[in-house]
Amino acid sequence: MVGEQITGAGGTQEFWTQTSANMPTLYDQELGPVFFVDFADDIARRAAAAAPLHVLEIAAGTGIVSRRLCDLLPAAAHLVVTDLNPAMLDVARGKFGPEEGVACQIADATALPFQDGGYDAVVCRFGVMFFPDKKKAYQEAYRVLAAGGRYLFSVWDSIDHNPLNRLVTDVAAGFCPADPPRIFQVPVAYHRIDPIRDLLDTVGFTDVKISVVGVQKTIADIAAFSQSLVYGGPLLGELRARRRPRPGGRRPRRGDAARVRPQFHAHPPPGNRIRDAAAVAGPRAAVLAVAAAVCASS
Ligand SMILES: C[S@@+](CC[C@H](N)C(=O)[O-])C[C@H]1O[C@@H](n2cnc3c(N)ncnc32)[C@H](O)[C@@H]1O
């Protein structure tokens, strides 16, 4: 088994296309600084270290990593930014000037519309967990890489290392306890290193390197952030699918944190610290694995 597959509503990619109109902006502007910016720097720096000239990013979302890649890659590099969701990709497109030569296009990571062997590097930050067929997605990354090319991707570590995901899952369950949304479990369900390594090996990648990276953040505006957790990602689609028309009608409150917080104090995940116990999601720690796999020479 590769990770723990969360299936059913929300466990699939279509939820990225069934959310609020301003979802991509909230994702980018509100969730981005907390969840994504630090890891964008990390993976972009790793990808740029080998100075690849032809780089493909898949499941690029709103282009948070893409922007950093563009900044760090050699001036002669050609970057292609792709995602399944047109609205997310529109935000990404807006981050580049015409002179930067970045191409943005819709692409399904499990059926890439690119020829074999055209890229020195493929980059995917926090997308793999959502791919319904992970082996196919790895095969596609492998296929479009040139011999010796590198695939760099990241996934979130388990829910034990990402307490915010447990908190959001608990709060969302309060809306529909009979059938709780599980979307915030999806990103943290594909974290077991050995099965990931085995699948990469099966597909043909060699020299797989995996690192674990920890980041701890304090959230400045808890109210805005809490709203964005609903409206800035697939959770809204999950709630709507359960015919709860006003998920925003009951915003996460400080009491929610108080309910969950003692668990963190009693069993703090390794490396995590609770700095501001008053915040709903205040301090958070995230750990992710970055896998860099080399496309075997053919
Ligand atoms: C958590 S977001 C990550 C976005 C971006 N990489 C980042 O780190 O900010 C997951 C993204 O995966 C995209 N996605 C889901 N399934 C996909 C697929 N099969 N092919 C391409 N993109 C997909 C979604 O549209 C969404 O933008």
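Helices, counted as DSSP runs of H or I with at least four residues, and strands, counted as E runs of at least two, are numbered here from the N terminus. On that basis the chain contains nine helices and seven strands.

Averaged over the chain, the pLDDT is 77, and 74% of the residues reach 70 or more. Over residues 1-12, however, the value is below 50, although this stretch has 30 contacts in the model beyond near neighbours in sequence. Residues 244-292 likewise stay under 50 in pLDDT, and for them the model has 106 contacts beyond four places in sequence. Where pLDDT is low, the predicted coordinates should not be read in detail.

Of the 298 residues in the chain, 47% are buried. When contacts between residues at least 6 apart in sequence are considered, 78% of them join residues that are at least 24 apart. The largest nonpolar core comprises 79 residues, and those with the most contacts inside it are Ala47, Val55, Leu69, Val122 and Val123. Helix α1, which spans residues 23-48, supplies the largest share of this core, namely 13 residues.

Which residues does Val123 contact, once its neighbours within four places in sequence are set aside? The partners of Val123 are Ile43, Ala47, Val55, Glu57, Val65, Leu69 and Leu152, and among them Ala47, Val55 and Leu69 also belong to the residues with the most contacts inside the core.

The next stop is strand β4. This strand covers residues 119-125, and seven of its seven residues are buried, so β4 is largely enclosed by the rest of the structure. Strand β1, made of residues 54-57, pairs with β4 in the parallel sense over three bridges, and within that pairing Leu56 has Val122 as its bridge partner in β4. Strand β5, residues 145-156, also pairs with β4 in the parallel sense, in this case over six bridges, and Val122 stands opposite Tyr151 in β5. To get from β4 to β5 the chain passes through helix α4, residues 134-144, in a β-α-β crossover that is right-handed.

Ile58 is found in the loop between β1 and α2, and because it has 28 C-beta neighbours inside 10 Å, where 20 or more are needed, Ile58 counts as buried. Apart from residues up to four places away in sequence, Ile58 touches Thr82, Ala107, Ala109, Val122, Cys124 and Gly127. The C-alpha atoms of Ile58 and Gln105 are 9.9 Å apart in space, while the two residues are 47 apart in sequence. Phe126 sits in the loop between β4 and α4, and its phi is near 55 degrees, a positive value in a residue other than glycine. Phe126 is also buried, because 21 other C-beta atoms lie within 10 Å.

In α3, Met88, Leu89, Val91 and Ala92 are buried, and because the buried residues fall within an arc of 155 degrees when seen down the helix axis, they line one face of α3. These buried residues pack against α1, α2 (64-72), β2 (78-83) and β3 (103-106). Arg93, by contrast, counts as partly exposed, because it has 17 C-beta neighbours inside 10 Å. The C-alpha atoms of Arg93 and Ala103, which are 10 residues apart along the chain, are separated by 8.1 Å.

Two residues further along the chain complete the tour. Val171 lies in helix α5, residues 163-173, and it is buried because 26 other C-beta atoms lie within 10 Å; its C-alpha atom is 9.7 Å from that of Pro181, 10 residues away in sequence. Asp207 belongs to strand β6, residues 205-218, and has a positive phi of about 55 degrees although it is not a glycine. Is Asp207 buried or exposed? With 12 C-beta neighbours inside 10 Å, Asp207 counts as exposed, because the exposed class takes in residues with 12 or fewer.

How values were computed:
Residues are numbered from 1 along each chain as its sequence is written. This is a predicted model: local features need pLDDT of at least 70, side-chain atom pairs count only at pLDDT 80 or more; totals for chains, interfaces and linings use all residues. A nonpolar core is a set of buried Ala, Val, Leu, Ile, Met, Phe, Trp, Tyr and Cys residues joined through C-beta atoms within 7 Å. Two residues are in contact if their C-beta atoms, placed from the backbone, lie within 7 Å. pLDDT is the predictor's confidence in each residue, from 0 to 100. The arc is that of the directions from the helix axis to the C-beta atoms. Two strands pair if DSSP finds at least two bridges between them. A crossover is right-handed if, with the strands pointing away from the viewer, the path from the first strand over the helix to the second runs clockwise.
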